[in-house]
Amino acid sequence: MNKEFIDSKNYFLDLILLSKAKHIRYCFWLIAEKSYLNNRHHVEDMNLVANAEESLVAQVLSEIAVDHNSLQNRHHRNDMMLISQCSPAVLQPTHKFPSCSINNLAINKVSLQDPFHEENMKILANNKHSRGYLYEMMTNPKVIYGQNYRREIHRLNKASSASKARAIYYFIMAPQRTCVHDFFDRMTDKQTNVDYTKFDRSVTIKGKNNPRYNFYLKLLNEIDDNYVMYISYLLTNKYLNESNYLDKDIRLILQITNKSIFIDLFKLMQNKNSLN
């Protein structure tokens, strides 16, 4: 034990907590941090770490307890309390990639400045299908300061399947494919027989450009998983949006139940030449 710990004002209380800790090594992590010994959250945080039943919970709590961004922020206490009550299933080691859990949100500089940070923490803690996509949006300043921010978060949070979550996210963000998106995509690819190679992401635009944006955000959660990504792509297709056919085409294709006819119609609708 270091001299700073022995001389600290909480020395005896910490010894009691150490004697009861199930995952004591994470308590030792804390007392090894000299800056932590006398910070204002010391007693509360040490108590949470010492009383954690699960190893991963104790680990992430100890990491947040010494994180500068969190310690300097008004959300620290509530974030620690929420995480202490969570199942390890909604947590991940802090440096695991890609980030998609509430313990990462608790130390994210962008999120900590968001007035909706604590609401987002609760959403992420309870979400089953959309966590990766929600995290991406909750840490994106352009989304946070956008006009439709809360509506977008709530619609994505309500996604009833991983495929619908993906479709809603792509409608909102129209992302170019990156390694982060590829990771989440692979988790949903296995659930449907959708051929995503048919989607040219270079001609997509964000859904907010659509005058019926809110209507389609809701509609995507009502479409069959085998078809929802096709509809999401059509809704973000630049050329279809610039035409006068988008709403009519969506109404038409949603009436098709035969998969082969659906795909043929999908190809036609996204064909630039057919829109002239």
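This is a predicted model: local features need pLDDT of at least 70, side-chain atom pairs count only at pLDDT 80 or more; totals for chains, interfaces and linings use all residues.
1. N237 counts as buried at 1% relative accessibility, where buried means under 20% relative accessible area, exposed over 50%, and partly exposed in between (1.4 Å probe, protein chains only). N237 sits in the loop between α17 and α18 (238-242); helices here are DSSP runs of H or I with at least four residues, strands are runs of E with at least two, and both are numbered from the N terminus. A polar atom of the N237 side chain lies 3.1 Å from the backbone nitrogen of Y239. With neighbours within four places in sequence left aside, N237 is in contact (heavy atoms within 4.5 Å) with V203 and Q270.

2. Residues are numbered from 1 along each chain as its sequence is written, and side-chain values use heavy atoms, with hydrogens and water left out.

3. I253 belongs to helix α19 (residues 246-253). Its relative accessible area is 0%, so I253 is buried. Neighbours within four places in sequence aside, I253 is in contact with I231, L234, F262, L265, F266 and M269. Between I253 and I263 there are 10 residues in sequence and 9.4 Å in space, C-alpha to C-alpha.

4. Side chains of opposite charge can pair when their charged atoms come close. Counting as a salt bridge any side-chain nitrogen of Lys or Arg within 4 Å of a carboxyl oxygen of Asp or Glu, the model has 5 salt bridges. Three of them are described in the next points.

5. E44 and R77 meet through their side chains in a salt bridge of 3.0 Å, N to O. This pair links distant parts of the chain, with E44 in helix α4 (residues 42-51) and R77 in helix α7 (residues 76-84), 33 residues apart. E44 is partly exposed, at a relative accessible area of 36%, and R77 is partly exposed at 41%.

6. K164 and D225 form a salt bridge in which the closest N and O atoms are 2.6 Å apart. Here too distant parts of the chain are linked: K164 is in helix α14 and D225 in the loop between α16 (213-219) and α17 (228-236), 61 residues apart. K164 counts as buried at 9% relative accessibility, whereas D225 is partly exposed at 22%.

7. In the salt bridge between D247 and R212, the closest N and O atoms are 3.9 Å apart. D247 lies in helix α19 and R212 in the loop between α15 (179-189) and α16, so the pair, 35 residues apart, links distant parts of the chain. D247 is partly exposed with a relative accessible area of 26%, and R212 is partly exposed with 30%.

8. The second largest pocket has a volume of about 180 Å³. A pocket is an open set of points on a 1 Å grid over the protein atoms alone, where a 1.4 Å probe fits, with protein on both sides within 12 Å along at least five of seven lines; lining residues have an atom within 4 Å of a point. The volume is the space filled by probe spheres set on the points. Among the lining residues are N140, Y149, E152, M173 and K208. α12 (141-144), α13 (149-157) and α14 (162-173) each supply at least two residues of this lining.

Note on methods
A polar contact is a pair of N or O atoms within 3.5 Å; within protein, one must be able to donate a hydrogen and the other to accept it, and residues adjacent in sequence count only if both atoms are side-chain atoms.
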